[in-house]
Amino acid sequence: MIFILWLTTHRAGDDRRVTDTSVILALVVVTALAFDFTNGFHDTANAMATTIATKALRPKTAVALSGLLNLIGAFLSVEVALTVTNAVVKIQNSNGTPKESLTADGGTALLLIVLAGLVGGIVWNLFTWLLGLPSSSSHALFGGLVGATIAGLGWAGVNWNGNGSKLDGVVGKVLLPALISPVIAGVVAAAGTWIIFKITAGVAARFAAPGFKWGQIGSASLVSLAHGTNDAQKTMGVITLALIAAGDWTDTKNIPFWVKVACAVAIALGTYLGGWRIIRTLGKGLVDIAPAQGMAAQSASAAVILASSHLGFALSTTHVATGSVLGSGVGRSGAQVRWRVAGRMILAWMITLPAAGVVGAAMWWIGHLVGGVAGAVTVFVLLIAASAGMWWRSRRIPVDHQNVNDDWSTTTPPAAPAAERVPATAAS
Amino acid sequence: MHNLGFALDGAWRVLLAGLALGAGLPVLFALGIRSLAWSTGGDPEVRDSGVIAPTPRPSGKVLAYLLFGTVVLGVLLGIAFIVASGFGKALSFEHIYPTIVSKH
């Protein structure tokens, strides 16, 4: 709000077209921060689901710790991720500045693509949250941007396969990592779990319990910190791109300090809110996790995420964390893995890109048909309506920090809409 | 499908590093726990009854803390990496021990 007021007064003397740009820019910034917030609460599970499920930390303590580490992590990312959209779409030059053809009209052409793409990402994030399914926020954002770009610039506006010099494009940055990362994380977690159970078999609980507790807290903290550094940076890059397109910022080597603060706070608050529905699925739905498995899964996640980003082969935290939890179930002899739940997740991952893309494209067309400021406002209002609708729907079977650890099989899972028709009295 | 080649090339490196750090360090940690339990003497494993006057084994404690120390070093390496990459730097293992260098 303060930002909108600042922009309006700042731009009051300029001609009308520039004021139009300011309003759309303000909507893009608010939407980007909303996306950052959903990014936070969608991904709390990646770091903390196993820690909460094994009761190494109380649910509220776990989300508070993760939120704080995300905040610190976001401030640690000094490097500018301005070229974040270049992985999948062609709306920026290689130095990060927007394509000139998109900034002719006060930048509104680029702003509408970014706005529609962000809305696609948010809607998919909220929908998967409603179903309690972990899915990658980066892939949702990329999907939304790809859809909005296809709608706005045609198929040629999308970077499908890179130029052959490095891992790039929709195939290289989204599809292949999504297939490969859960497998890698699963193998590492399965190996770790199997050996740890062999080593500590029979060791008295008074030695094993505190050890595994601290092992889990340490590895979950690493995942949270890495998440803050990686993911907040993406929203910072998107907002800075919008500012450059609107002519409010020119420096491609730095980002405005308020952008950094706003993004860090948004992702930390989102993480603290906690996507309890997703935490429940990942912590209780896939595998019944023992403390040793929790430690093996979180260590595998932390190592795979850090190693992949060190080797320039960026993987989605969500896919890695899910693969680790599955692996920890495979590695412990006698553990039951609910493959049906895993199958639903994998299905959600496969349709993340097209689903967010369809929403992004639809939003671009609506915004374009209405046109100008009214178009951007329409898209924004649609986003609020969709979000409010999904939040209201979620209240019918609420999941929060009190029932997040309930036994999976005896209660109605949040992800099973069919089961809610069973009257409540039937259970008693 | 050049992307597939790049992805598979990256994948096996990530798998190796993941196994070394993501499975190796927790295994050392588990050995530490086992060793700590052993250090108290007697039978570290759960027994129904009849364990009297265990003889402590200090070497077990030393070994346990050596193992825990190694794990902590691994975690510190992870934090150093996160912080360094946030500042646009990278960790180099050129001299065996890690050093912070600028990204090329």
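This is a short tour of a predicted model, stop by stop, for you to follow in your viewer.

Before you start, residues are numbered from 1 along each chain as its sequence is written, while chains are lettered from A and ligands numbered from 1 in the order in which they are written. As this is a predicted model, local features need pLDDT of at least 70 and side-chain atom pairs count only at pLDDT 80 or more, whereas totals for chains, interfaces and linings use all residues. The model scores ipTM 0.81 and pTM 0.87.

**Stop 1: chain B**

You will find two helices and two strands, running α-α-β-β from the N terminus on; helices (H or I, at least four residues) and strands (E, at least two) are DSSP runs, numbered from the N terminus. Now colour by pLDDT, the predictor's confidence in each residue, from 0 to 100. The mean for chain B is 80, and 82% of its residues reach 70 or more.

**Stop 2: where the chains meet**

Next, bring chain A into view. The contact takes 39 residues from chain B and 50 residues from chain A, where two residues are in contact if their C-beta atoms, placed from the backbone, lie within 7 Å. On the side of chain B that touches chain A, H1 and helix H2 (58–86) of chain B are the elements giving two or more residues. H1(B) supplies the largest share of that side, 26 residues.

**Stop 3: a helix pair in chain A**

Select residues 137–153 (helix H5) and 339–370 (helix H12) of chain A. Their axes are 6 Å apart and they pack at an angle of about 45°. H5(A) and H12(A) are therefore oblique to each other (angles under 35 degrees count as roughly parallel, over 145 as roughly antiparallel, 65 to 115 as roughly perpendicular and the rest as oblique).

**Stop 4: A:Lys55**

Finally, zoom in on A:Lys55, in the loop between helix H2 (16–53) and helix H3 (59–76) of chain A. Its phi is near 65°, a positive value in a residue other than glycine. A:Lys55 counts as partly exposed because it has 13 C-beta neighbours inside 10 Å.

Key
Axes fitted to C-alpha atoms, helices over the stretch in contact; angles between N-to-C directions. Buried ≥ 20, exposed ≤ 12 C-beta atoms within 10 Å, placed from the backbone.
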